[in-house]
Amino acid sequence: MSGNVVEKVVNNELDMTAGLISGVKNFAVTKGVDIFQAIIIFSIGYMICCWLRGVVRRLLARSNVEPSAISFISEIIFFLCLAGVIIMALSAAGVAPATLAAAFGGIGLAIGLGLKDNIGNVASGIFILIFRPFRVGDYIKVGDSEGSVVDIRVMYTEISTLGNQMIVIPNSRLTDSVIKNYSFFETRNIEFTFDVAYDTDLAKCVELLQKLFSADAYVLNGAELPIYVSSMGESSIRIYVRAQVERSKYNEAQNHLYIKVKNAFDEAGIEIPFPQLVVHHARD
């Protein structure tokens with residue numbers, strides 16, 4: 001009895017193995033050619049996508065395009081082409097177009113729901129890369145954060161502060177905020193407000209500042225220098241001067257001009273007053 005059971009089990013295993021081999025043979029005959037074609041299509045298509053990505057990067061590198069935009073645009077083109085290659089390969093393997101459309105639609109919906117909070121950052125990153133309100137290396141200020149732009153990515157922008165700190169700002173915040181780009185123009189204006197005492201001869205003081213700024217090598221607008229008495233404060237009279245200097249020399253020019261004005265005021269005997277409070281004692 002036990003021998004019959006063993007023989008039956010062995011026969012069943014042999015039948016299952018034969019059926020599996022037959023199924024594999026039938027699949028290889030009916031679908032093997034299609035799968036082989038799909039593999040060839042995907043392999044050739046993948047190599048073409050890689051070659052196209054390299055061509056796009058070289059073409060963009062020769063034009064006036066941001067380095068961050070080059071990487072982003074080339075990768076987008078690569079993945080779009082690769083998606084087309086995958087569709088072609090699956091179609092060659094016998095997958096119905098309707099099934100492909102439904103599958104890619106479901107994948108796209110899942111990705112969209114998973115990244116719904118980041119879609120705004122991606123769209124803002126594309127906006128920044130296309131319209132370029134600032135570039136890598138520019139010194140910008142956004143809200144309370146300011147520094148030099150290190151990199152512009154799809155999701156966020158990296159800024160290095162003067163204190164050597166890295167600030168990561170989401171791109172959606174950049175496009176929704178007022179951006180001050182201090183590096184947009186080749187020149188920058190330094191606005192000075194000098195306080196002088198009320199007994200100062202204002203005409204001579206303005207003349208002194210006019211000569212001082214006009215003769216300085218840092219100042220580019222000496223011939224049309226805006227200089228005038230701006231207000232009369234509680235303890236001083238204020239004189240406004242706006243000097244135009246090269247962008248790259250902003251800090252050293254500002255330091256140089258402040259020292260030069262202070263020395264000129266000291267030599268001319270012009271007092272720079274400080275806020276003070278005068279108290280009068282009432283008599284009985």
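Guide: Helix 1 (2–62) and helix 2 (67–92) each supply at least two residues of a nonpolar patch. Helices here are DSSP runs of H or I with at least four residues, strands are runs of E with at least two, and both are numbered from the N terminus. This is a predicted model, where local features need pLDDT of at least 70, side-chain atom pairs count only at pLDDT 80 or more, and totals for chains, interfaces and linings use all residues. Residues are numbered from 1 along each chain as its sequence is written, and side-chain values use heavy atoms, with hydrogens and water left out.

Visitor: What makes the nonpolar surface patch?

Guide: Phe36, Ile40, Phe42, Ile44, Tyr46, Met47, Ile48, Trp51, Ile86 and Leu90 make it, over about 970 Å². Helix 1 gives the most, with eight residues. A patch takes residues with over 30% relative accessible area and no salt bridge, joining nonpolar side chains (Val, Leu, Ile, Met, Phe, Trp, Tyr) within 5 Å and like charges within 9 Å. Areas come from the Shrake-Rupley method with a 1.4 Å probe, and for residues only the protein chains shown count as cover. A salt bridge is a side-chain nitrogen of Lys or Arg within 4 Å of a carboxyl oxygen of Asp or Glu.

Visitor: Why is Ile40 called partly exposed?

Guide: Ile40 lies in helix 1. Its relative accessible area is 36%, so it is partly exposed: buried means under 20%, exposed over 50%, and partly exposed in between.

Visitor: Which residues does the "transmembrane region" annotation cover?

Guide: The unreviewed UniProt entry gives residues 35–56, 68–89 and 95–115. Positions follow the numbering used here, feature names are shortened, and annotations may be inferred rather than shown by experiment. In the model, residues 35–56 are 100% helix and 0% strand, with end C-alpha atoms 31 Å apart.

Visitor: What makes strand 1 and strand 2 a pair?

Guide: Two strands pair if DSSP finds at least two bridges between them. Strand 1 (residues 139–142) and strand 2 (residues 145–152) have four bridges, in the antiparallel sense, so they pair. The bridge partner of Lys141 in strand 2 is Glu146, and in strand 5 it is Lys180. Three bridges join strand 1 to strand 5 (residues 179–181), also antiparallel.

Technical notes:
Buried means under 20% relative accessible area, exposed over 50%, partly exposed in between (1.4 Å probe, protein chains only).
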